[in-house]
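Here's a quick briefing to read alongside the model. Have the sequence and the coordinates open as you go.

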Amino acid sequence: MGRQLTVVLNGHKVIKEALVKQAHAFSDRPFFPLNDLVSEKKGIVLASGAEWKTVRKACLEILRDFGMGTNLLAQKIQEEDHRVHPDNRQQERKAL
């Protein structure tokens, strides 16, 4: 579009070939100078390539430390609810 080269894919087989078998060629985000001004080349939303992989890995490690992927957080919430509202145990459990 404009001065930037653009690839248009049409058809299920071609799209699958591009995104599955040649993912490395189609995985980066396009470069827009405005993105660099807005994000100052930081963050996960506008990141791309090796920078994105590094940021993604760090984010996933932090989220796992907080209990992502486990029922630990739900268990802690239930414990706190029982501590604050002990009378809830006697009531019949109903969906909110």
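**Leu 9 and the overall picture**

Leu 9 counts as partly exposed, at 29% relative accessibility; the classes here are buried for under 20% relative accessible area, exposed for over 50%, and partly exposed in between, with a 1.4 Å probe and protein chains only. This is a predicted model, where local features need pLDDT of at least 70, side-chain atom pairs count only at pLDDT 80 or more, and totals for chains, interfaces and linings use all residues. Residues are numbered from 1 along each chain as its sequence is written, and side-chain values use heavy atoms, with hydrogens and water left out.

**Fold and surface**

- The protein has 5 helices and 0 strands, where helices (H or I, at least four residues) and strands (E, at least two) are DSSP runs numbered from the N terminus.
- Going along the sequence, the pattern reads α-α-α-α-α.
- Buried residues account for 5% of the 96 residues in the protein.

**Before helix 1**

- Leu 9 sits in the segment before helix 1 (12-21).
- Setting aside neighbours within four places in sequence, Leu 9 is in contact with Val 14, Ile 15, Ala 18 and Phe 26, contact being heavy atoms within 4.5 Å.

**The nonpolar patch**

- Leu 34, Leu 37, Val 38, Ile 44, Val 45, Leu 46 and Trp 52 make a nonpolar surface patch of about 690 Å².
- Patches are made of residues with over 30% relative accessible area and no salt bridge, with like charges joined within 9 Å and nonpolar side chains (Val, Leu, Ile, Met, Phe, Trp, Tyr) within 5 Å.
- Helix 3 (residues 33-39) gives the most to the nonpolar patch, with 3 residues.
- Val 38 is found in helix 3, and Val 38 is exposed, with a relative accessible area of 62%.

- Arg 56 lies in helix 4 and is partly exposed, at 41% relative accessible area.
- The C-alpha atoms of Arg 56 and Gly 43 are separated by 9.6 Å, with the two residues 13 apart along the chain.

**The salt bridge**

- The count comes to 1 salt bridge, defined as a side-chain nitrogen of Lys or Arg within 4 Å of a carboxyl oxygen of Asp or Glu.
- Glu 80 forms a salt bridge with Arg 83, and the closest N and O atoms are 2.6 Å apart.
- Glu 80 and Arg 83 are 3 residues apart in helix 5 (residues 72-84), so about one helical turn separates them.
- Glu 80 is partly exposed at 38%, whereas Arg 83 is exposed at 57%.

**Confidence**

- The mean pLDDT of the protein is 78, and 89% of its residues reach 70 or more; pLDDT is the predictor's confidence in each residue, from 0 to 100.
- Confidence is lowest in helix 3, at a mean of 75, and highest in helix 1, at 90.
- Where pLDDT is low, the predicted coordinates should not be read in detail.

Methods. Accessible areas come from the Shrake-Rupley method with a 1.4 Å probe; for residues, only the protein chains shown count as cover.
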